[in-house]
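Let's take a friendly walk through this model, one part at a time.

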Amino acid sequence: MSEQLENFRKLVLEDVALQEILRNERDYNAFVELTVQSGNQRGYSFTAEDVAAAYRESRRKWFERRLDQ
Amino acid sequence: MIDWCYAYDRRFTLPFFKDTVESLLQRPFNVLFRHQTSIEQLTEFCETYPGLRPTGFIFHMSRCGSTLISQMLATSSQNVVISEPEIVDAVFSSNASSRKFSNEQRVELLRCLIGALGQKRFSEEHRYFVKFDNWAVLDLPLIKQAFPDVPRIFLYRDPVPVMVSNLNEIAGKFLPSAVDPAILGLDYQSVFQMRFEEYLAICLNRFCQAGLDHLDDKTVLVNYRQLPDFVLTDLPAVFRSEFSAEEIEAMKKVSTLHAKRPSAPYTDDTKAKQSQASEFVRQMTEKWVMPVYQQLEAKRLAS
């Protein structure tokens, strides 16, 4: 995950209002767009590709942990 | 490591806890923005958020109607029902990772994990039931230490259909070497030398024996044959609860459906499963499971 996106992710996990904005988006493409927009507005520089890559990585890690159980 | 995902307004109504979690992970937010904490950090969490006190625990030998019971209980919005949460396996002996904790730590972590899962998220929720997976009965002494006052049921069934059901669809933990054979009183060499039917029968023997060995005044034995009526008539008293007529009616309705595939009606498959049993399955069942099943029946009928 890009450092900028990782820092934004940490911010989101601390900021309930920001969580509310992001968690209600069900559509994947719209969610990626909203994440980029929310991050950029707050001074974080990352792209839709960065978000998509981090999303895939998070899914992969989850499946790996499920398989380990 | 513990992953936390946002549960929105979802109650845990699907047959298994993991089903609800997987459905929540369909939401993009939960994929990218999950909190993660170590299992040790839970102790801090549970001091602040102890969760609902468990109302009742459900143990079983596998494939004997426990999901039907949890699905019936889950119909009421006053109940939090957590069905076979895999996260608690971290402290159970069927999971190798439990060995890194002392007995005292395992008791404490179990209390915290059960507390974390039993958070009150809706105002009407006031009862909390946990259905454990079939291996958990081997850790009953630990569970009783952590929750000495919580009423329990141990559910069992004529072992031939249980054997056939498990052979038709093998759960991961039943695969030989998935758990340390020492907890079954076996070693790897003997497990790999025996046929799977015998290994399965020994597992079922151990579950039933544990249910029998740890019987006390907090535990009630329930035979599959008593379902679903037992849930409607006796279970509320066993779990020191009162259910309204509306709750009973809703439970009755769901008992007509297949517990693990609620879109299909329930049909009693006991006869079909009996006819599927091979001679060897019958022999292994007779040798390993039937004697302890009969002891359970004798205890139940005498109580």
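Predicted model: local features only at pLDDT ≥ 70, side-chain atom pairs only at ≥ 80, totals over all residues.

Chain A has four helices and zero strands, where helices are DSSP runs of H or I with at least four residues and strands are E runs of at least two, numbered from the N terminus.

Residues are numbered from 1 along each chain as its sequence is written, while chains are lettered from A and ligands numbered from 1 in the order in which they are written.

The C-alpha atoms of chain A fill a box of roughly 40 × 25 × 25 Å along the principal axes. Of the 69 residues in chain A, 19% are buried. A residue counts as buried if 20 or more other C-beta atoms lie within 10 Å of its own, as exposed if 12 or fewer do, and as partly exposed in between, with C-beta atoms placed from the backbone. In chain A, among contacts between residues at least 6 apart in sequence, 43% join residues at least 24 apart. Two residues are in contact if their C-beta atoms, placed from the backbone, lie within 7 Å.

## Where the two chains meet

## Chain B as a whole

Chain B contains 14 helices and seven strands. Its radius of gyration is 19 Å, close to the 19 Å that the globule rule gives for 303 residues, so chain B is as compact as a globular protein of that length. The radius is taken over C-alpha atoms, and the rule is 2.2 Å times the number of residues to the power 0.38.

Along its principal axes, the C-alpha trace of chain B spans about 55 × 45 × 40 Å. Of the 303 residues of chain B, 40% count as buried. Among contacts in chain B between residues at least 6 apart in sequence, 80% join residues at least 24 apart.

## The sheet of chain B

Now find the open sheet of five strands in chain B, with the order β4-β5-β3-β6-β7 and parallel pairing. Two strands pair if DSSP finds at least two bridges between them. The edge strands are β4 (79-83) and β7 (219-223) of chain B, each pairing on one side only. Neighbouring strands of this sheet are turned by 20° against each other on average, direction ignored.

Strand β3 (residues 56-60) of chain B has five of its five residues buried. On one side are B:G56, B:I58 and B:H60, and on the other B:F57 and B:F59. Three bridges join β3(B) to β5 (residues 127-131) of chain B, with B:F57 opposite B:V130. Four bridges join β3(B) to β6 (residues 152-156) of chain B, and here B:F57 stands opposite B:R152.

Is β6(B) enclosed or open? Five of the five residues of β6(B) are buried, so this strand is largely enclosed by the rest of the structure. B:F154 of β6(B) is the bridge partner of B:F59, and B:F154 also has a bridge partner in β7(B), B:L221. Five bridges join β6(B) to β7(B), which run parallel.

## Two helices side by side

Helix α9 (residues 196-213) and helix α14 (residues 279-302) of chain B have axes that come within 9 Å and cross at roughly 5°. The axes are lines fitted to C-alpha atoms, for helices over the stretch in contact, and angles run from 0 to 180 degrees between N-to-C directions. α9(B) and α14(B) are therefore roughly parallel to each other; angles under 35 degrees count as roughly parallel, over 145 as roughly antiparallel, 65 to 115 as roughly perpendicular and the rest as oblique.

Residues of α9(B) that meet α14(B) include B:A201, B:L204 and B:C208. Those on the α14(B) side include B:F280, B:W288 and B:V292. The residues of this contact divide into 13 nonpolar, five polar and four charged.

Notes
Nonpolar A, V, L, I, M, F, W, Y, C, P; charged D, E, K, R; others polar.
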